[in-house]
Amino acid sequence: MDFQLTADQRALRDGTRELLAGRFGRERLRAAVEEPALDRALWRELGAAGFFALRLPEADGGVGLGLPEAVLVFEEAGRALLPGPLVACQLLAGAVDGVAAGEKIVGLCEAERDPVLWEHPAECDELILVEEGAGRGGAGPGGGLRGAHGRTGGAYRSAQDRVVCAPFASIDPLTPLARVMDLPRAAPLALDAPRLRREAALLTAAQQLGSAARTVEMAVGHAREREQFGVPIGSFQAVKHLCAQMLVRAEIARSAVYVASVTECVLDVAAAKLLADEAAVGNARDCLQVHGGMGFTWEADVHLHLKRAWLRAERWGVAREAEELLAAGLID
Amino acid sequence: MDLTYTPEEEDFRARLRAWLGEVLPRLPAKPAATDWPGRRAYDTAWQRMLYDAGYAGLHWPRDAGGQGATPTQHLIFLEETERAGAPYVGANFVGLLHAGPTLAVEGSAAQRVRWLPPILRGDEIWCQGFSEPDAGSDLAALRTRAVRDGDSYVVSGSKIWTSHAEVADWCELLVRTDPAAPRHRGISWLAMPMDAPGVTVRPLRTLAGSAEFAEMFLDEVRVPVGNRVGAENDGWRVTMVTLSFERGTAFVGEVVACRRVLGALARAARANGRWDDAVLRRRLGRLHAELAALWRLIQWNVSEATGAPPGAGRRGNGGGVPGAGGSVFKLRYSHVRQELYDTAAEVLGAGALDADHEWIADRLSSLSYTIAAGTSQIQRNIVAERILGLPKGR
């Protein structure tokens, strides 16, 4: 057993970090806050770099890698706070033409949520709706089972302009949201809905992990630099202990996320999402605290991490659902 | 990220499982928690069985009497013995997990020959003489003096929280050999015979009711200079070696045990109706995630120890941060363990007032986890200063 990154996986992670640092650095991030339209050129560049086609077979023009590699790449996206329907485009790269290359942008939303929220509505060419089949895991590949609400479980695609939606004021300035009021279920997509949900939860957790790790660095960096009472605030035990707890959260989440990427087990994914949500939200809060008054300003990036972490925590398996699932898993 | 075990590892697991199935039914009855001589006899008998079967000091180097097994095999050993309900390391704890590994790394050839085989056979029990009444977590403030007199050190002072002192044959003792040196520099690591004249042991009763540890008074105890491990005044470095073992795999079996208890809690809650409480159910679910992640963190740390050269920073959460190891694990685990047994009390309701209930005895003992082996506050300082590189200070 060697539960460590391979040399190739480390190279992939480092390469992704470099690419994102070069193309989506701090200036670009702050510009995106002011102007949330997605950078289509960057999207195509990500497509060309294999960001979306990562898991497609090489015969289909993909990179032929697996879920662990996708998790490493999404962890980097989370670190960089890269905006956009990244999870949707990664998961639908093989199912909707043009997505793999970054030419087309698709959104993905869960039918069971209330409200049904759509990320980046104005930027998406299509929206894909995922519905639970009859009972947990009932929808096999292709879906097509009768759903709990008399609807058909599975996935449906709709052109952007066919979706009826209402404005929704998103908490995250980097993720515009719309409330989906009605969506035509005319064009079913042959997708394994339970698997899609599981992978969406895991890739979301991976971004939470990246954000959690990044806010540790931000807090530590600030605590080393910022002086109060004539010394760096990082020399105060109260500040040290905040930073230490942040690292503990991130490392626990890392173990959970990495392992779920290997096992793909439902319970492992639920644990990964739960712990990564906690790490991202908790760390962003503590990072804000370490930054003091500066952390409360719009100019600091900390609030962007916190707001995105809150948003991701509400997507693809919220704490209540994960905990119930894990509790049920103790009984079998 | 490969979680599959090699055929050799699977084979090792199968053989171990078969052996455990054969020998565990033959074990004598477990003694009462307060019966220390009985506990010593029970724990050392188990150690002897391990020794005879070739499982003692499994991952120790062969020239230290061990089997030279890989860290992963050691992990499997800890997992399987716990899963099978084999005895806890018990009175052998300090010898096997602290003194032995330290002697294996830092001891002279003669010292290894003298002390390691009896530890592995279960013939000799060790205790830990590190903490003092005025030097608990601030270990470098220790004041027990050792003055050179010919071939001996003459040791005077006192120690506290000395686990297993009542039944120990040897003590890994930290003493101050140079009072003039800076506080970390004047310390030496001695192996002190517990039957030496001048050693007085007074058991301390814990809040759990048992006498796990003791106060120890040292009145001009003569310890041969040959019992010093490492150079004179180099004891702090030797001690850090000891502590790295303490925070390494010492908790592996416990995490397996906690996962077993958690399953039992869920079933008990189902049986007594507490399961209908969504708040309790969600707590159980969260603990499931926590303990699973802690188990994976152990696997990660063991893989890291197996593969990468030290300091290669394979964990790679950026910025040259080295692998986050034992302190990170210990911080989270000690708190999760307390939450687990608090949840057990919730499942039991008024039954939680029964001090004889196994879960309640463990609830009481879990209170020591955020204190022993470096308090959570000390661990946070270690993480902040040594891993995150924050400046020293107050």
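**Entry 1: B:Ser108**

I looked up B:Ser108 and found this residue partly exposed, with a relative accessible area of 35%. Buried means under 20% relative accessible area, exposed means over 50%, and partly exposed is in between, with a 1.4 Å probe and protein chains only. B:Ser108 sits in the loop between α4 (93-106) and α5 (109-121) of chain B. Helices (H or I, at least four residues) and strands (E, at least two) are DSSP runs, numbered from the N terminus. I also noted that B:Ser108 and B:Gly230 are 122 residues apart in sequence but 8.1 Å apart in space, C-alpha to C-alpha.

For my records, this is a predicted model, in which local features need pLDDT of at least 70, side-chain atom pairs count only at pLDDT 80 or more, and totals for chains, interfaces and linings use all residues, while side-chain values use heavy atoms, with hydrogens and water left out. Residues are numbered from 1 along each chain as its sequence is written, and chains are lettered from A and ligands numbered from 1 in the order in which they are written.

**Entry 2: two buried residues of chain B**

I turned to B:Val252, which lies in helix α7 (residues 252-272) of chain B. B:Val252 is buried, with a relative accessible area of 1%. Not counting residues up to four places away in sequence, B:Val252 touches B:Leu75, B:Leu78, B:Trp295 and B:Ile298; contact means heavy atoms within 4.5 Å. B:His74 is 178 residues from B:Val252 in sequence and 9.8 Å from B:Val252 in space, C-alpha to C-alpha.

Next I checked B:Glu290 in helix α8 (residues 278-307) of chain B. B:Glu290 is buried, with a relative accessible area of 5%. With neighbours within four places in sequence left aside, B:Glu290 is in contact with A:Leu275, A:Glu278, B:Arg332 and B:Val336.

**Entry 3: strand β1 of chain B**

Strand β1 (residues 126-129) of chain B is covered on both faces. I found B:Trp126 and B:Gln128 buried on one side, and B:Cys127 and B:Gly129 buried on the other. In a regular strand the side chains alternate between the two faces of the sheet. β1(B) pairs with strand β4 (residues 170-176) of chain B in the parallel sense, over four bridges; two strands pair if DSSP finds at least two bridges between them. B:Trp170 in β4(B) stands opposite B:Trp126.

**Entry 4: two sheets of chain A**

I traced an open sheet of three strands in chain A, in the order β2-β6-β5, with antiparallel pairing. β2 (117-119) and β5 (164-168) of chain A stand at the edges with a single partner strand each, so one side of each has no neighbour in the sheet. On average, neighbouring strands of this sheet are turned by 40° against each other, direction ignored. Axes are lines fitted to C-alpha atoms, for helices over the stretch in contact, and angles run from 0 to 180 degrees between N-to-C directions. β5(A) and strand β6 (residues 177-182) of chain A run antiparallel and are joined by five bridges. A:Cys165 has A:Val180 in β6(A) as its bridge partner.

The other sheet I looked up is also open, with four strands in the order β1-β3-β4-β7 (chain A) and mixed pairing. Its edge strands are β1 (106-110) and β7 (187-189) of chain A, each pairing on one side only. Neighbouring strands of this sheet are turned by 30° against each other on average, direction ignored. Strand β3 (residues 126-131) and strand β4 (residues 154-159) of chain A pair in the antiparallel sense over six bridges. A:Leu129 stands opposite A:Tyr156 in β4(A). Helix α6 (residues 193-225) of chain A lies across β1, β3 and β4 of chain A, at about 110° to β3(A).

**Entry 5: helix pairs**

In chain A, helix α1 (residues 7-23) and helix α3 (residues 40-48) pack at an angle of about 165°, with their axes 12 Å apart. That makes α1(A) roughly antiparallel to α3(A). Angles under 35 degrees count as roughly parallel, over 145 as roughly antiparallel, 65 to 115 as roughly perpendicular and the rest as oblique. A:Leu19, A:Leu20 and A:Arg23 in α1(A) meet A:Ala41, A:Leu42, A:Glu45 and A:Leu46 in α3(A). I sorted the residues of this contact into five nonpolar, no polar and two charged. Ala, Val, Leu, Ile, Met, Phe, Trp, Tyr, Cys and Pro count as nonpolar, Asp, Glu, Lys and Arg as charged, and the others, Gly among them, as polar.

Last, I looked between the chains. The axes of helix α7 (residues 237-263) of chain A and helix α11 (residues 376-387) of chain B come within 8 Å and cross at roughly 80°. That makes α7(A) roughly perpendicular to α11(B). The residues of this contact divide into five nonpolar, five polar and three charged.
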